[in-house]
Structures are given as structure tokens and as C-alpha cells.
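Biologist: I am new to this structure. Please pick one part, look at it closely, and then show me how the rest connects to it.

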Amino acid sequence: MERGSSEPPVARNTGPTPSSSTDPVPIPRSSSFSCRPNPGSKKHKRTPLYQRSMSFDPGMLHSNGHTAYANGTGPGIREIGVVEKLLTSYGFIQCSERQARLFFHCSQYNGNLQELKIGDDVEFELSSDRRTGKPIAVKLLKIKPEVLPEERISGQVGPDLHAYPFTVLHGYIHPVVSSIPMHLDGKSAPGQVPTGSVCYERNGEVFYLTYTPDDVEGNLHLDTGDKVSFYMDTNKHTGAVSARNIQLVKKKQMRCQGVVCATKEAFGFIERADVVKEIFFHYSEFKGDLEALQAGDDVEFTIKDRNGKEVATDVRLLPQGTVIFEDISIEQFEGTVVKVIPKVPTKNQNDPLPGRISARIGFTDKELPFGEKDTKSKVTLLEGDHIQFNISTDRRDKLERATNIDIYPDTFDFTKETREMGVIAAIRDGFGFIKCVDRDARMFFHFSEVLEESQLHISDEVEFTVVPDMLSAQRNHAVRIKKLPKGTVSFHTQSEQRFVGVVEKELVATSNKNTSPTRGKEKETEEGTIAYEDCGVKLTVPFHAKDLEGGGLPQAGDKVEFSINEVKRTGLQSAVSIRVLNRNSSNTKRLHGFVATLKDNFGFIETANHDQEIFFHYSEMCGDLENLELGDTVEYTLSKGKGNKVSAEKVTKVAAVNGIGDDVVATVMMGKVIRPLRSVDPSQTEYQGLIEVAEEGGVKGQNYPFGIMGMANKADCLQKGELVKFQVCTVTQTAQKMACNVVPQRRAMVECVKDQFGFITYEVGESKKLFFHVKEVQDGLELQTGDEVEFSVVLNQRTGKCSACNVRRVSEGPKPVATPRPDRLVNRLKSITLDDASAPRLVIVRQPRGPDNSKGFNVERKTRQPGVID
């Protein structure tokens with residue numbers, strides 16, 4: 001018998017047996033035979049399904065006008081068929097091997113006609129009716145059906161032989177595919193009858209039988225390698241043998257796949273890829289490097305039952321990306337959020353996908369769930385949001401959900417939420433605060449709430465939504481933050497109309513006496529008041545120093561022009577863009593001067609004649625002290641304090657004016673400082689410094705005074721005895737000639753350089769070294785000891801110490817020459833090598849000795865080879 005056929009193992013007889021009228025004739029039953037002979041060729045018969053031997057007398061048959069020959073020339077062909085219709089004297093047979101329905105007369109049946117029934121298998125010869133010429137069946141003989149064994153046969157699910165190959169390994173057939181072919185939706189392939197096959201072993205050979213889903217008991221799905229038991233059944237029409245009443249004995253132990261979803265101290269859990277379920281595994285079942293195992297790794301495993309529970313065994317790593325749980329659509333869809341994910345989950349919430357999105361997909365409306373990880377960003381979603389998303393379909397249970405959810409820019413038109421505006425006031429690590437236009441308190445926000453992944457900076461203008469904090473109902477925070485173009489956000493509204501009024505109350509400084517400009521605090525002044533009329537109604541409006549335009553602080557009675565600014569948040573009004581129109585002549589005279597010195601909490605002003613300095617305290621400064629620098633032009637009023645000491649009050653920074661005068665001599669002269677400014681040497685009584693001419697271009701020995709405004713660099717600290725270049729100018733008010741554009745001529749050698757700083761050999765006061773920082777070196781050069789440099793000296797007003805700035809290298813010093821090592825050090829550094837004869841050699845000075853005066857080494861030393869352990 002051939003392997004893979006649908007026939008039981010029986011003996012074969014492939015050749016026809018000649019028949020005679022006297023000898024017994026063997027009647028074969030053919031399971032597959034063609035009744036259409038090929039002209040000019042031999043008739044071939046398939047191997048008979050059964051070979052039966054019986055004796056009969058042809059003379060017992062009645063011809064009744066029929067010949068036993070199909071063509072009247074030879075013996076007829078034997079066929080088999082099934083009685084399809086049976087009447088009193090005739091019937092019809094359905095041929096088993098071809099599509100033919102043949103008439104037969106009951107007189108042609110050899111046997112007891114009472115035993116012949118519809119459905120019986122019969123064997124007959126083909127003949128023809130002499131009158132009509134139609135083919136008929138004659139010499140009918142009932143075939144006794146072979147009784148198949150009724151005991152259950154054990155086997156396993158095997159492959160479909162017409163679709164899949166099989167391999168013989170060590171005398172045993174290993175099926176490649178077994179179960180009934182199915183589509184993903186669980187239905188059979190269109191146009192095909194869903195069939196599978198089972199295999200069983202008999203006498204050392206393996207045979208295969210087909211089966212259908214109806215042949216499986218319990219409506220089970222069988223997989224390749226499942227152990228089953230079944231009965232054999234024969235098709236009466238075709239004689240094909242198949243399996244029926246198949247029962248599952250034991251499922252094949254299959255390898256499953258999944259992803260590690262949790263790891264504990266000695267065990268973990270795997271999310272299975274075949275069903276929506278987690279399975280336990282112990283670390284002892286993991287075959288690999290346990291240190292490298294982590295949540296998210298793809299693994300395969302075998303399921304075993306232990307103590308009534310399924311556990312994963314023989315767990316092994318798979319390449320990353322092997323296990324796929326879901327299929328994500330390429331097409332994107334639009335939808336609306338109808339239910340958001342609660343920020344604080346409730347106790348009874350077990351749904352892992354609590355959010356809901358409504359969308360029209362195709363021609364149907366669907367509501368899709370989504371979870372926290374299905375949004376592209378962590379921006380808060382609100383009900384009514386217009387969003388786009390993809391659809392994810394779980395391969396295990398076909399559950400659809402929305403994923404890759406992204407908010408459309410026009411979503412605020414759909415949600416109708418209240419949007420507020422503000423400016424970024426502070427940024428920390430992962431969060432920040434917004435100064436709101438319509439709220440007093442600053443609003444907290446987290447970086448995850450920024451739309452479009454734009455980078456925020458301090459003073460950026462933004463739009464946002466305010467929602468209550470889930471953890472604290474009293475607190476609010478900003479969400480869904482959108483960056484706005486510059487100039488969009490305004491905290492105030494300013495009137496276009498200009499008003500004219502009179503200063504009713506002056507600005508009064510109220511800041512702490514210890515305020516320092518280095519601390520970056522603005523001067524706090526008590527607001528002033530302006531009286532004006534609007535439509536015949538007398539009104540007053542406050543004003544502040546920061547809202548003044550031009551120079552000078554308005555005094556009581558001064559006539560001013562201004563605009564009115566209103567704060568959106570509070571509705572408070574104040575005067576802005578204030579410009580003085582007319583001064584009140586009865587007011588104290590205002591003087592001009594120049595900032596000469598700035599100390600920790602006070603300073604000095606050089607008068608307009610550049611011959612004196614006036615003390616002032618920072619509390620008298622109106623405006624921002626941070627922007628006040630040496631040489632700035634200020635306006636002030638003189639007052640007398642305790643001990644009739646004169647000081648400046650109501651100091652206001654104004655627009656710069658000419659420092660000394662317009663009449664400047666073009667000649668540049670050389671000179672020597674014979675007296676510094678009082679800011680450099682506080683012990684002297686005179687404020688002005690003095691320069692003596694030291695060249696032929698001028699009158700040698702002639703002296704010219706100078707002040708802070710005569711310095712080219714106001715921060716430069718001129719010392720007594722320094723050489724300078726300068727010009728001469730005439731003071732307009734006094735006609736006094738003074739030095740201006742004074743530039744020191746300093747040259748000195750670099751004494752040393754240490755990492756980020758160094759010292760110059762230059763005497764300043766009591767110190768003979770001048771400190772400098774490498775950042776002050778021009779062109780980014782690296783200075784070396786001995787370099788000649790030019791520089792400026794600046795005085796730290798608070799500490800009183802000088803340092804060099806604007807350091808420029810004039811010439812390089814001599815390069816250091818490497819001195820040779822002494823012979824004593826060279827001899828000590830000599831070493832020995834095994835191969836290089838010219839290398840320095842090691843000289844043994846003293847042999848080692850042990851405590852007992854022995855050599856100290858009983859075991860002979862050997863040369864050790866690298867990488868070899870003795």
C-alpha cells in the first residue's frame with residue numbers, strides 16, 4: 001500500500017484475472033477506475049480496494065434480450081455502484097467511479113432479491129439495450145461491506161497531504177502542519193471544504209485519514225501534534241476511509257510567546273501573546289542572563305500545570321520586536337473625546353481603558369476606548385476635544401481602541417473652554433509659573449502641558465486653561481499651554497488721549513537706608529499725585545518715577561502732560577508717559593552733575609563745574625539703581641543735613657550732556673599724574689586730580705586739573721606717578737582749562753600666570769603686584785611669564801582693591817629653556833629590558849639577604865610569561 005493514501009492497509013492485486021464460462025471468476029472491486037478506454041491502448045485498472053473470490057455460473061443469469069457485451073464483441077467491464085432506486089421489477093444504480101446513472105432489471109440480480117436494498121454496494125457489468133442502445137447494468141452481484149473495526153484507534157493530528165509536505169526522520173513521520181486551515185476570522189477558506197488529517201501507526205507504518213470539523217467531538221479546535229482517538233468510517237460512494245468521532249486525548253505541549261510585564265525579587269509575570277492573560281514564572285525557569293532580564297523583554301516559554309495553576313517554564317529571550325500584540329491602522333481618523341481619563345482613579349475603577357472617543361468610521365458611528373499611554377503627549381484632554389488618532393486592534397481578542405491621539409489646533413473652538421493669557425515668570429526643573437493677566441496669583445504649570453512641544457523661556461507670552469488641582473481643590477494650575485507671538489499679551493490698557501495736569505504731590509523715596517545697587521532691587525518710592533480735569537470733573541491720578549519721560553523729577557506745582565494706564569486685572573489707574581511742560585518757579589533750583597563715585601550704599605556727584613563732589617545716599621535716588629554707572633548725568637537738589645553738611649537729594653538720572661566743554665585742543669600731550677582723584681586717595685582734601693606736562697609739545701611743568709569726566713575710561717584708576725596722554729579743553733561755565741580724554745600709558749611684565757588668573761609687576765598703592773583674570777586678556781591669548789603687556793587699572797569701589805583689565809600683549813618674553821636632568825637622576829631612571837641591548841640598564845647595587853643571612857630566595861626565579869598562571 002502507498003503511504004499517504006486514504007485506504008486501509010490491505011493486499012494488492014493490480015492485474016485483471018481472465019474469466020471463463022466454467023471456472024470461478026474473481027470479481028474485483030475497484031476504488032478508482034475510469035470506464036472511458038483510450039482507443040488504441042490497453043485498459044488500465046487501479047489497484048482494487050478489496051479483492052474478493054467467489055464462484056458463480058454465468059448460465060444462471062437471464063439475458064432477456066440483452067447482451068453481456070458492451071459492444072457485442074467481447075466480455076463486459078465490471079464496475080461497482082450503489083443502488084439508488086429500487087422498484088418492483090427494476091431499479092437504478094449510481095456508479096461510484098464516474099458520474100453515471102444506469103438502469104437495471106431485477107432479473108439481472110444474482111441472489112435473493114428480498115435482501116437487496118437501496119444503498120447497497122453492487123458489482124455489475126456494463127451492457128446496452130438492444131432496442132434503445134442505452135447503457136444498462138447486467139449481472140448484478142451484491143458486495144458485502146467490509147466491517148471496519150469498531151474499537152477506537154489512537155493517533156495524533158497529522159498534515160493535509162495535498163497541501164503540506166512531511167519529513168521522515170529516523171523512521172518516524174514528523175508532520176509539518178496538522179489542523180484544519182482557518183482564516184483569521186475563524187471561518188474556512190472560501191471555495192474549500194475545511195479538512196484536516198489524523199495519523200496512526202499500524203505494523204510499523206504510518207497512515208493518514210482526513211477529517212472535518214463535524215468529526216470532532218465537543219466542537220474543539222485541534223492543533224498539530226494533539227493526541228486523539230477515533231473510529232474509521234468508509235464512504236459508500238467513494239470507498240474512501242476517514243476518521244470520525246474524534247476525541248482529544250492530550251494537547252500537544254506548545255511554545256508560547258509573550259512580553260515580561262513585571263519583575264519581582266524572585267519571580268515575574270509575562271503578558272501572553274495568545275490570550276489576554278498574565279502568567280507567573282520563577283527566575284529558576286529563565287534560561288539566560290538573569291541580570292539582563294527586564295520588563296518589556298520578548299520571551300518564549302512552555303506552559304505547565306503546577307498545583308492546579310498554569311506557570312511558565314523554560315523561559316528564553318527572543319529578539320526585541322518579535323512579539324506583536326496589536327495591529328495599528330495606517331489611516332488616521334478624526335473624532336471627539338466624550339469621556340476623559342480621571343486624574344485620580346476611583347477605588348472601583350478596574351477598566352484599563354477608561355477614556356472614550358466618538359468617531360464616524362466608514363458609515364457607522366463608533367465609540368472607541370483609550371488609555372493613558374494612547375496619547376502622543378501628556379497634555380490634558382477635555383471633553384469635546386477635536387482629535388486625530390489611529391485604531392489599534394488586539395490580535396488576541398480583536399478589541400479595537402484609539403491610539404496615537406493628538407489634539408487638533410482648532411480644538412478650542414469645539415470645547416468652548418475659557419482661555420487665559422499671561423507671561424512666563426519663572427522656570428524650574430520640569431515646571432514653572434505664569435504671571436496671569438486676569439489673576440493676582442502666579443499660576444503653576446508642568447512642562448508636559450505645553451502644546452506643540454515648543455521650548456518655553458522666561459517672558460514668553462502664552463495662552464492656557466485653568467483647571468482645579470485634583471489633589472487639592474483650593475489650588476489651580478495651568479494646562480494646555482500654547483505659545484503666543486510677542487506683543488500679544490498686555491497687562492494694561494493705555495488711553496490714546498493725552499491729559500494735562502499739575503503735580504499735586506511729589507515723589508518721596510521710602511526705601512531702606514541700607515539698600516545697595518549691587519543687590520538688584522528697584523528703588524521704592526511713595527507715589528506722587530497729579531490733579532487734572534476731564535469733562536469738567538476734577539480728578540486725581542497717581543504716578544511713579546518709572547513712568548517719567550525725559551530728565552528731571554517733577555516738583556509740586558509743575559505742569560505735566562500724561563496718558564492714563566489701567567491695569568486689566570484690578571482696574572487701577574495711573575499716569576504714564578509723563579512729560580514736564582512748565583516748571584514752577586517757586587520750586588528749589590535743580591542742579592546737574594555727574595556720578596563720580598559709587599560705594600556700597602552711597603556715592604558722590606561731580607558738580608557741573610567739575611571742581612567739587614557732592615555726597616548722596618542711595619535712598620535719595622529716584623529710579624533704578626541697577627542702571628546707574630560712573631559718568632552718568634544726574635539732576636539733584638542741594639540740602640543741608642546734620643552739622644550743616646551739604647548733600648544731594650531727589651537724585652534723578654537724566655539724558656547725557658557734554659561732560660566738560662566743546663573747546664578741545666587737538667594736540668595730544670604726554671604727562672604725569674602728580675595727584676589722583678579723591679576717590680583713589682580719600683586722604684587728600686582736593687577732589688580734582690592733577691597732571692603735569694612732561695614733553696616739549698607743551699610747557700614743561702605746567703599743571704592741568706582733571707575730574708571723572710576727563711577720563712577716557714571712567715572706571716580707570718589713575719595712580720600718582722603714572723604716565724598719561726591727554727588733551728586740553730575749556731570748561732564753558734568757568735573758562736577753566738582742564739585735562740580731558742586722559743589715557744594712561746602703562747607697560748609692565750607678567751610676573752606669573754596661575755590657571756585662570758595671574759599677576760603683573762606693577763605698583764598700585766601699597767601692593768607691588770597687580771592682579772588680573774585671564775578673561776581680561778584681549779584676543780584670547782595665553783600669557784607667559786616675562787610677556788610685556790599694556791593694561792588699565794580699575795578700582796573696586798566696595799573693596800578698595802585695584803585690578804588690571806583690557807590687558808593687551810605688546811611683546812613676548814623669552815622662551816623658557818628646558819634644563820637637562822642631572823646625572824644623578826638619569827642614572828636612577830635607568831632600567832633593564834630583555835631584548836633591547838641599547839636600552840638603559842639596571843645595575844644591582846646590593847644582593848637581597850634574609851634574616852638568617854641567607855640569599856633569601858630558596859626557589860629559583862623564572863621569567864614569567866604574560867597571561868600564563870603558574
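**A pair of strands and what surrounds it**

Modeller: Val-82 has Gln-94 as its bridge partner in S4. Keep in mind that this is a predicted model. The pair belongs to a join between strand S3, residues 78-86, and strand S4, residues 90-95. These two strands pair in the antiparallel sense, over 5 bridges. Strands of a sheet pair through backbone hydrogen bonds, either parallel or antiparallel.

Now step back to the sheet. S3 and S4 are part of a closed barrel of 5 strands, in the order S3-S4-S5-S7-S6. The pairing in this barrel is mixed. Neighbouring strands of the sheet are turned by 50 degrees against each other on average, direction ignored.

A closed barrel of 5 strands runs S26-S27-S28-S30-S29, with mixed pairing. Its neighbouring strands are also turned by 50 degrees on average, ignoring direction. Strand S26 (residues 419-427) and strand S27 (residues 431-436) pair antiparallel over 5 bridges.

Met-470 sits between strand S29 (461-468) and strand S30 (476-483). Met-470 counts as exposed because its relative accessibility is 55%, and exposed means over 50%. With Val-344 and Leu-471, Met-470 forms a nonpolar patch on the surface. Together the three residues have about 350 Å² of accessible area.

Next, strand S18. This strand, residues 298-306, pairs antiparallel with strand S15, residues 255-263, over 5 bridges. Cys-256 stands opposite Phe-301 in S18. S18 is also joined to strand S19 (residues 309-317), by 7 bridges, and the two run antiparallel. They form a hairpin with 2 residues between them. In the turn, Asn-307 has a positive phi of about 55 degrees. Arg-306 stands opposite Lys-309 in S19.

Side chains of opposite charge can pair when their charged atoms come close. Glu-285 forms a salt bridge with Arg-306, with the closest N and O atoms 3.2 Å apart. Glu-285 lies in the loop between strand S17 (278-282) and S18, while Arg-306 is in S18, so the pair ties together parts 21 residues apart in sequence. Glu-285 counts as buried at 15% relative accessibility. Arg-306 is partly exposed, at 41%.

A salt bridge elsewhere joins Asp-632 and Lys-653, with the closest N and O atoms 3.4 Å apart. Asp-632 is in the loop between strand S42 (621-622) and strand S43 (633-640), and Lys-653 is in strand S44 (residues 646-653). Asp-632 is buried at 14% relative accessibility, and Lys-653 is partly exposed at 37%.

One further pair is Glu-722 and Arg-746, whose side chains meet at 2.2 Å, N to O. Glu-722 is in the loop between strand S48 (703-706) and strand S49 (723-730), and Arg-746 is in the loop between strand S50 (737-744) and strand S51 (747-754), so the pair ties together parts 24 residues apart. Both residues are buried. Salt bridges that share partners also join Asp-385, Glu-417, Arg-419, Glu-463 and Arg-480 into one network.

Last, the whole protein. It has 2 helices and 55 strands. Of its 870 residues, 38% count as buried. The accessible surface comes to about 52600 Å², and 50% of that belongs to carbon and sulfur atoms.

Notes
Residues are numbered from 1 along each chain as its sequence is written. This is a predicted model: local features need pLDDT of at least 70, side-chain atom pairs count only at pLDDT 80 or more; totals for chains, interfaces and linings use all residues. Side-chain values use heavy atoms; hydrogens and water are left out. Two strands pair if DSSP finds at least two bridges between them. Helices (H or I, at least four residues) and strands (E, at least two) are DSSP runs, numbered from the N terminus. Axes are lines fitted to C-alpha atoms, for helices over the stretch in contact, and angles run from 0 to 180 degrees between N-to-C directions. Patches are made of residues with over 30% relative accessible area and no salt bridge: like charges are joined within 9 Å, nonpolar side chains (Val, Leu, Ile, Met, Phe, Trp, Tyr) within 5 Å. Accessible areas come from the Shrake-Rupley method with a 1.4 Å probe; for residues, only the protein chains shown count as cover. A salt bridge is a side-chain nitrogen of Lys or Arg within 4 Å of a carboxyl oxygen of Asp or Glu. Buried means under 20% relative accessible area, exposed over 50%, partly exposed in between (1.4 Å probe, protein chains only).
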